[in-house]
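Here are a few points to read alongside the structure, written for someone meeting it for the first time. Please keep the view open while going through them.

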Amino acid sequence: MSVYSFYIFDRHTECIYSRRFTQQPSPPRTTSSTLRNGTTVPPSLRQANKDSDDAKLVFGTVFSLRRMCRQLGGVDDQFLSYRTAEYKLHYLETPTQLRLVLLTSPQVGNMRTVLHQIWATLFVEYVVKSPLAPTEHTGGKGVGNELFEVGLERFMEAVFRPQQQQQQ
Amino acid sequence: MWRKLKTGSGCFASFPPHSLIAAGVQNVLHGTWGSRYELHYSLTQHLDLLVRQGSPTSIMVVFALLIINKAGGLIYTRTFAPGLQKLDSNDYLILAGTFHGIHAISRSINPAPPPPPSSATSSNLSSSTTTSQPTTQAPPQPPSSTAGNPTRRRPHTTGIESLESSHFRLTCFQSPTGVKFLLFTSPEQPNTDVVVRRCYEMYGDYVMKNPFYSLEMPIRVEKFDRGVAGYLVRP
């Protein structure tokens, strides 16, 4: 019962927030790898590229699945989640076409209320109502403020840790 | 399909192929039954009873079955009950291709951390996120460049197994040969993995063993149609 990552995409199909909750193992390389034309890529830049690529992949997957569900189930059908053997992806779309995507371990139940609460109590309170945040979060500007980050961290701790404590 | 009943033992050799919740029914019914007709009649009665024990509006039903071959082409499509939007054959083809692609992508966005390495050989030690963008990523690492990590093997990740939406649930079973079975059911339908495996068994029995069926081609086998209809359509 653990959470792996969390993404927020806005209506311009851009990733405005992404957060990883697990430690990705940094590959134990002694030398930085080289591209085909011989230039070297520093590991930090490569990791950043990988993160943005992951976000794009997630968005593409979610967009195509949502379209598929609309096609099959009718206009009012909502794609809720999908599960593989390694992870489960939960999806919530707000009326302003803001998309919240949460990736957790596969045994987790329905996270729709959790996503809705994140949106209502964290995003709306700390991002939308913030006087310093712009209305359009191009490139994630204005979303990653401290209140939102800390609040999200505490919220995830509250949702996912108590199960582990109860098991002990 | 109908086999001789074991009388007095309390367990059944077979049950009507369309009883999806027959596993539960098996525990309910016991005792000796004199004739097949009685068995069928009482089983259907118990089936209705078990279905109605749920909420009055919950209907567990299978909407459609789609089979996708290794390359992503649709080779079988059949709807059994209304509930999904009417799509023409072209739309189903596009859907199958789209799902095939999404299935492959969902294998690569695996965010799970790798399992802790085992002690000696550490054959499971590998990176959790596999690279899927060959153009921007570096070429694969040279093996044995670091101590204690002989080869970097990608973990065996699976794709989408089940997809939940508000009107239907999609269960995807991928056979070891790469053939995908997509089963569209109502969200309350239990045991969808059992149902899809049964469809896979029927595929093996009626399609694979058919000497006139060419691999990866659309399935036009009448026995398969009848078997699947008998199993998935509720009377």
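**Notes on strands and helices**

1. In this predicted model, A:Lys88 stands opposite A:Thr104, a residue of strand 5 of chain A. The two strands concerned, strand 4 and strand 5 (residues 99-104) of chain A, run antiparallel and are joined by 6 bridges. Their hairpin has 5 residues between the strands, and there A:Gln97 takes a positive phi near 60°.

2. A:Lys88 of strand 4 of chain A also stands opposite A:Arg83. Strand 3 (residues 79-84) and strand 4 of chain A pair over 3 bridges in the antiparallel sense, and a hairpin of 3 residues connects them. Strand 4 (residues 88-93) of chain A is mostly covered, with 5 of its 6 residues buried.

3. Between the chains, the axes of helix 1 (residues 43-73) of chain A and helix 3 (residues 89-108) of chain B come within 10 Å and cross at roughly 150°. Because angles over 145 degrees count as roughly antiparallel, helix 1 of chain A is roughly antiparallel to helix 3 of chain B. The crossing of these two helices is left-handed.

4. Which residues meet where helix 1 of chain A contacts helix 3 of chain B? Among them are A:Leu57, A:Leu65 and A:Met68 from helix 1 of chain A, and B:Leu95, B:Phe99 and B:Ile102 from helix 3 of chain B. The residues of this contact divide into 8 nonpolar, 5 polar and 1 charged.

5. In helix 5 (residues 222-232) of chain B, the buried residues include B:Phe224, B:Val228 and B:Tyr231. The buried residues of this helix pack against strand 1, strand 2, strand 5 and helix 4 of chain B.

Key. Residues numbered from 1 in each chain as written. Chains lettered and ligands numbered in written order. Predicted model: local features only at pLDDT ≥ 70, side-chain atom pairs only at ≥ 80, totals over all residues. Heavy atoms only, no water. Axes fitted to C-alpha atoms, helices over the stretch in contact; angles between N-to-C directions. Helix = DSSP H or I, 4+ residues; strand = E, 2+ residues; numbered from the N terminus. Parallel < 35°, antiparallel > 145°, perpendicular 65-115°, else oblique. Left-handed = near helix turned anticlockwise from the far one by under 90°. Contact = heavy atoms within 4.5 Å. Nonpolar A, V, L, I, M, F, W, Y, C, P; charged D, E, K, R; others polar. Buried < 20%, exposed > 50% of the residue type's maximum accessible area, 1.4 Å probe, protein only. Pairing = 2+ DSSP bridges.
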